[in-house]
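Colleague: I'd like to learn how to read a structure like this one. Can we go through it together, feature by feature?

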Amino acid sequence: LVIYDMITIPMAVFTFGDNLFLDFMAWTTRLFWTFDMTMSSLTGVVLTDGSVQFDVRFILKRYLKTWLALDTFIVVSDWMELIAAGAGGAGAFGRLSRIFRIVRVVRLLRLVRMREVMEQITE
């Protein structure tokens, strides 16, 4: 999904016609990142000494300090884009839909997060 985002997000400034594959992938990435927020707040944290912390309070506190704001912004913008697009381009919702398409570029920041996850996996 990250590679898909790397390819398609820069192309988000363009308008493409209806395409079953693109619609499927849009829903897949939207649902993946939504569920990823839940999993990120429940997954153990590897500490600098190599131990794994499973305390839910510690995990939630760390997630609040690190990725929650960015994840919330990205996921909410994904869902708001869907709502705005469903309005069929009517008035303010049509303009919002275009704005959310441009804001999608912020999703590239997920790549930074995925790099961190990959570093933790390879350690």
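Predicted model: local features only at pLDDT ≥ 70, side-chain atom pairs only at ≥ 80, totals over all residues.

Colleague: Fine. Which helix holds arginine 30?

Modeller: Arginine 30 sits in helix α2.

Colleague: And is arginine 30 buried or exposed?

Modeller: The cut-off for buried is under 20% relative accessible area. Arginine 30 comes in at 8%, so it counts as buried. Setting aside neighbours within four places in sequence, arginine 30 touches Asp78, Trp79 and Leu82.

Colleague: Now the core. Which residues make up the largest nonpolar core?

Modeller: A nonpolar core is a set of buried residues joined through side-chain atoms. The largest one here has seven: Trp33, Met37, Tyr63, Trp67, Leu70, Ile74 and Val75. Two elements, α2 (20–40) and α4 (68–86), each give two or more residues to this core. The largest share, three residues, is from α4.

Colleague: What does leucine 70 contact beyond its sequence neighbours?

Modeller: Leaving out those within four places, leucine 70 is in contact with Val106 and Leu109.

Colleague: What about nonpolar side chains on the surface?

Modeller: There's a nonpolar surface patch formed by Ile3, Met6, Ile7, Met11, Phe14 and Phe16, and together they have about 640 Å² of accessible area. Take isoleucine 7, which lies in helix α1 (residues 2–8).

Colleague: Why does isoleucine 7 count as exposed?

Modeller: Because its relative accessibility is 51%, and exposed means over 50%.

Conventions:
Residues numbered from 1 in each chain as written. Heavy atoms only, no water. Core = buried A, V, L, I, M, F, W, Y, C linked by side-chain atoms within 4.5 Å. Buried < 20%, exposed > 50% of the residue type's maximum accessible area, 1.4 Å probe, protein only. Helix = DSSP H or I, 4+ residues; strand = E, 2+ residues; numbered from the N terminus. Contact = heavy atoms within 4.5 Å. Patch = residues over 30% accessible without salt bridge, like charges linked within 9 Å, V, L, I, M, F, W, Y side chains within 5 Å. Areas by Shrake-Rupley, 256 points an atom, 1.4 Å probe, with all protein chains shown as cover. Salt bridge = Lys/Arg side-chain N within 4 Å of Asp/Glu carboxyl O.
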